[in-house]
Amino acid sequence: MKLFYITIITVCLTNIGYAQKKFNFGISVPSYLGTGRYGNYLDMTNEIQGLTGNDALSFGPAIGMGLFGELEFGTDWAFEIYWQKYTNKTNFGKNNVDAFTLPGGIQKSQYKMSHGIIGVGASRKIFKLQDQQVWFFSALSAGSRKFTWRPEGGSFSNERKTTNKTFMASSDAPMFFNIGLSPKFNFKDKFFFSPKIGYEMELIKGTGMYEGIYNMILPTYGSPRTQSDLQSIMNEYTDRTKAPLNRFFIELRAGIKLGK
């Protein structure tokens, strides 16, 4: 991972000299659709516990914020470096770990999966649509993925202490590759709006599977299912709980042109 960050810095410094007076800077609002094996793991725990409706835990879409810098080369190519932070949160639902907290009862909980990434990418103008530019982009990114939990009315923590057990969430170091299209709308020669629509693929899973959230949710504790039913459900989800975190995304971008 350190080598990846060193490579990013080296590439940026190497190319700044070739992009004099063509630097753009802006902010972004990314939204990622889909949670891969992590969402599938929650589906499995809900089925094992027989939870449905508002009681069943499920992740919402990831929404966040970011910053980006872009170096233009001529009129058809651009190089960028960007940073993003985004989170997926579950609803306040029930899960079997809560049985440790209240004897014979269940307390509702919420879980959060957070990503912090830095990436580099390149884009090329491929055509115009009604005098507006449309670019094809690709990027490589890496960073951290962390998990936290909180009860209703409480604060998020990666540690969960119950009456007779402590649950500690782990963190991952994933790497992603994405591609897509981005129209660019220019305003008054200095400002621009360039939304992105793309697909992101997880190249490196970090620790793999779903250990981060698994360490906070045990799927079979106190389950009403028979042993054969448990085995059948877990077999059904074997491949799905190993699925990479591949998903579509939409990113709203706005920025200012600092060069001429």
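Let's start with D76, which is partly exposed at 26% relative accessibility. In this predicted model, D76 forms a salt bridge with K125, and their closest N and O atoms are 3.7 Å apart. K125 sits in strand β4 and D76 in the loop between β2 (62–73) and β3 (77–89), so this pair ties together parts that are 49 residues apart in sequence.

Another pair is E236 and R240, whose closest N and O atoms are 3.0 Å apart. E236 is partly exposed at 42% relative accessibility, and R240 is partly exposed at 35%.

## A buried pair and its network

How many salt bridges does the structure hold? There are eleven. One of them joins the side chains of R37 and E202, at 2.7 Å from N to O. Because R37 belongs to helix α2 and E202 to strand β10 (residues 196–204), the pair links parts that are 165 residues apart in sequence. R37 is buried, with a relative accessible area of 0%, and E202 is buried too, at 8%.

Shared partners connect R37, R145, D172 and E202 into one network of salt bridges.

## The nonpolar cores

Now for the nonpolar side chains. The largest nonpolar core has 18 residues, and I213 and I217 have the most contacts inside it. Helix α2 supplies the largest share, five residues. Leaving out residues up to four places away in sequence, I213 touches Y38, Y41, L42, F59 and F147.

Another core lies apart from this one; its twelve residues include F68, Y82, I117 and F137.

Definitions and conventions
Residues are numbered from 1 along each chain as its sequence is written. This is a predicted model: local features need pLDDT of at least 70, side-chain atom pairs count only at pLDDT 80 or more; totals for chains, interfaces and linings use all residues. Side-chain values use heavy atoms; hydrogens and water are left out. A nonpolar core is a set of buried Ala, Val, Leu, Ile, Met, Phe, Trp, Tyr and Cys residues joined through side-chain atoms within 4.5 Å. Buried means under 20% relative accessible area, exposed over 50%, partly exposed in between (1.4 Å probe, protein chains only). Helices (H or I, at least four residues) and strands (E, at least two) are DSSP runs, numbered from the N terminus. Contact means heavy atoms within 4.5 Å. A salt bridge is a side-chain nitrogen of Lys or Arg within 4 Å of a carboxyl oxygen of Asp or Glu.
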